Amino acid sequence: LIKSNKRWKKLLDLNKEQAYQSQRIRKLNKDHHFNALMKLKDLLKLKELPKRLECFDVAIWQGRSPTASQIVFRDGLPDKKSYRYYHLKERPEGNNDFEMLKEALSRRLKYGDLPDVFVVDGGKGQASSFREVLKLNNKSIPVIGLAKAKVTKTNFASPLIEKEEERIFLPGRTNPYILKKNMSLL
């Protein structure tokens, strides 16, 4: 009986160690970029893991010098050699994100090596502008919008608390996906 108890204790100790190591590895990989790409693949219902993502944002300085930036990720990691800036036309109406994004993408499409997914800084409208240009050029590439939402809450300790939530606007989905649901994707 004593020998049997020692075997059970040894087996139990091995089982505890395996559980500990599994949990440790899971925590280490929680924010891994592969998990983010898997989630993006699922959200967009892609057949394969997206390998190249291009992210676009536009900026304008005091009504002048409109610029679009292109940030590239390969296999979930920044590819800084592929970053680009586009100096855009100044518009009489000033800051027009939609038209500036259309111009940036129209210029981008002239070059090869298109991404698996476009990410646009902005909500539904900015993503729709991108999709419009892609459709005009007979390109079928998923476009998602990335935007913050301000949520105002009150409680007894503080009269006003503002919290910003990052959201993804996905094609064909009415409500945005809240990024805090998946920390690796954030």
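How many aromatic pairs does the count come to? Taking rings of Phe, Tyr and Trp (its six-membered ring) as paired if their centres lie within 6.5 Å, the count comes to four aromatic pairs.

The model shown is predicted, so that local features need pLDDT of at least 70 and side-chain atom pairs count only at pLDDT 80 or more, whereas totals for chains, interfaces and linings use all residues. Residues are numbered from 1 along each chain as its sequence is written, and side-chain values use heavy atoms, with hydrogens and water left out.

**Figure 1. Overview of the protein, with its helices and strands.** The protein has four helices and eight strands, where helices (H or I, at least four residues) and strands (E, at least two) are DSSP runs numbered from the N terminus. Read from the N terminus on, the order of the elements is α-α-β-β-β-β-α-β-α-β-β-β. Of the 186 residues, 35% count as buried, a term that means under 20% relative accessible area, with exposed meaning over 50% and partly exposed in between (1.4 Å probe, protein chains only). The accessible surface comes to about 13,000 Å², of which carbon and sulfur atoms hold 54%; accessible areas come from the Shrake-Rupley method with a 1.4 Å probe, and for residues only the protein chains shown count as cover. With contact defined as heavy atoms within 4.5 Å, 46% of the contacts between residues at least 6 apart in sequence join residues at least 24 apart.

**Figure 2. The aromatic pair of Phe118 and Phe130.** A pair of aromatic rings is described by the distance of the centres and the angle of the planes. The ring centres of Phe118 and Phe130 are 5.3 Å apart and the planes stand at 75 degrees, so the pair is edge-to-face; planes under 30 degrees apart count as stacked, over 60 as edge-to-face and the rest as tilted. Because Phe118 belongs to strand S5 (residues 117–121) and Phe130 to helix H4 (residues 124–136), the pair ties together parts that are 12 residues apart in sequence. Both Phe118 and Phe130 are buried, and together with Phe56 and Tyr86 they form one aromatic cluster.

**Figure 3. The nonpolar cores.** A nonpolar core is a set of buried Ala, Val, Leu, Ile, Met, Phe, Trp, Tyr and Cys residues joined through side-chain atoms within 4.5 Å. The largest such core has 18 residues, of which Phe56, Leu88, Leu105, Phe118, Phe130, Leu134 and Val143 touch the most other members. At least two residues of this core come from each of S1, helix H3 (97–108), S5 and H4. A second, separate core of 15 residues includes Leu37, Leu43, Ile144 and Leu179. Leaving aside residues up to four places away in sequence, Phe130 touches Phe56, Leu101, Leu105, Phe118, Val120 and Val143.

Figure 4. Val119 is placed in strand S5 and, at 9% relative accessibility, counts as buried. When residues up to four places away in sequence are not counted, Val119 touches Leu53, Glu54, Cys55, Phe56, Ile144 and Leu146. Val119 and Gln70, 49 residues apart in sequence, are 9.6 Å apart in space from C-alpha to C-alpha.

**Figure 5. Helix H4 and its buried side.** The 13 residues of H4 reach 18 Å from the first C-alpha to the last, close to the 18 Å expected at 1.5 Å a residue, the expected span being 1.5 Å times one less than the number of residues. Within H4, Gln126, Ala127, Ser129, Phe130, Val133 and Leu134 are buried. These residues cover an arc of only 155 degrees around the axis, which puts them on the same side of H4; the arc is that of the directions from the helix axis to the C-beta atoms. The exposed residues Lys135 and Leu136 sit on the face of H4 turned away from its buried side. Just after H4, Asn138 takes a positive phi of about 55 degrees.

Figure 6. H2 has 12 residues and reaches 16 Å from its first C-alpha to its last, close to the 16 Å expected at 1.5 Å a residue. Buried in H2 are Ala36, Leu37, Leu40, Lys41, Leu43 and Leu44. Down the axis of H2, the buried residues fall within an arc of 165 degrees, so they line one face of the helix. Lys45, in the loop between helix H2 (33–44) and strand S1 (52–61), is not a glycine but has a positive phi of about 55 degrees, and at 73% relative accessibility Lys45 counts as exposed.
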